[in-house]
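Please work through each task before reading its solution.

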Amino acid sequence: MVGAGEQRAVSDGESGPAPERGLIRAGLVGDRGALERLLAPHKHSLVAVCYGVLGSAEDAEDAAQETFLRALRALPSFRGDSAFRSWLIRIALNICFSWKSARHPTEPWEEEQSAAAAGAGSPEGIALGHLRLMEALNSLPPHRRAALLLKEWEGCSLGEIGDVMGWNVTRVKNELYRARRSLAEWQRRETAEGENR
Amino acid sequence: MNCERVEQLLSEHLEGFVSEREAGAMAAHLGRCPACRRRQEEFTTIRSSLRTLAQQLPLPESDIDRRAIDCWLAERAVSNAGWRR
């Protein structure tokens, strides 16, 4: 339950430049609604980024839930030096990288499964294309992959990616370039293999 | 301007961070270099494929935020009860 003063803080916070601030204050005194409004907007992004790094929907969900829990535990120490979203993504990536290094790599895509796929434009063909793309992403170093996905999936600015990854903008540009170049090489091989099939 | 620099600029161009002068030099290079034109096409295709993939991720709608909140509030309740004892 939250007092009138806290309620006011929530509504003030929501219209201000840092809408999370009021929600955090209210959440810290146990306002469940404020916590839900604080976390819900980031749910899909976090699961998507975790999926991009871990390659499994189930693991991604677990990692995103663990992210929220760790963020809630650390909420009293959140100083707002970076955006709340960047802070959450940083926690999520730390979890994903540590899980990734502790577990076996994702099972490779079985060739037999590809035989079941029809033409490139069919639903099966599209699904297969997505799986192959995920596999290509999986071949990138985890930090580089994360940077690319933050850019292309989450629309993060170069500054935001730098903030999350602890890199300067020059390094962000360089990592994005290297990621794209690797995927371009992969695409080239895919095209050549497709022509030989 | 060599091919490697043009490739870097092609990537930066996707972020909209290429100066007019560099964009001019890049365009001139692309006009005479089929390999870099191919790379440009590949970068564009990759961006588009990644964005399509993002829209079609097999991610279930779940209540992970609520579950995390439940868990944290329960942890706090236990911790507060212990502290009061």
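Buried means under 20% relative accessible area, exposed over 50%, and partly exposed in between (1.4 Å probe, protein chains only). Helices (H or I, at least four residues) and strands (E, at least two) are DSSP runs, numbered from the N terminus. This is a predicted model, in which local features need pLDDT of at least 70 and side-chain atom pairs count only at pLDDT 80 or more, while totals for chains, interfaces and linings use all residues. Residues are numbered from 1 along each chain as its sequence is written, chains are lettered from A and ligands numbered from 1 in the order in which they are written, and side-chain values use heavy atoms, with hydrogens and water left out.

**Exercise 1.** Determine how H4(A) is placed in the structure.

Solution. Step 1: chain A holds eleven helices and zero strands, and 47% of its 197 residues count as buried. Step 2: H4(A) covers residues 43-54. Step 3: its buried residues include Leu46(A), Val49(A) and Tyr51(A). Step 4: eleven of the twelve residues are buried, so H4(A) is largely enclosed by the rest of the structure. Step 5: just after H4(A), Gly55(A) has a positive phi of about 75°.

**Exercise 2.** Classify the arrangement of H1(B) and H3(B).

Solution. Step 1: the axes (lines fitted to C-alpha atoms, for helices over the stretch in contact, with angles from 0 to 180 degrees between N-to-C directions) of H1(B), residues 3-15, and H3(B), residues 34-55, come within 10 Å and cross at roughly 30°. Step 2: H1(B) is therefore roughly parallel to H3(B), a class for angles under 35 degrees, with over 145 roughly antiparallel, 65 to 115 roughly perpendicular and the rest oblique. Step 3: contact (heavy atoms within 4.5 Å) involves residues including Leu10(B) of H1(B) and Phe43(B) of H3(B).

Technical notes
The expected span of a helix is 1.5 Å times one less than its number of residues.
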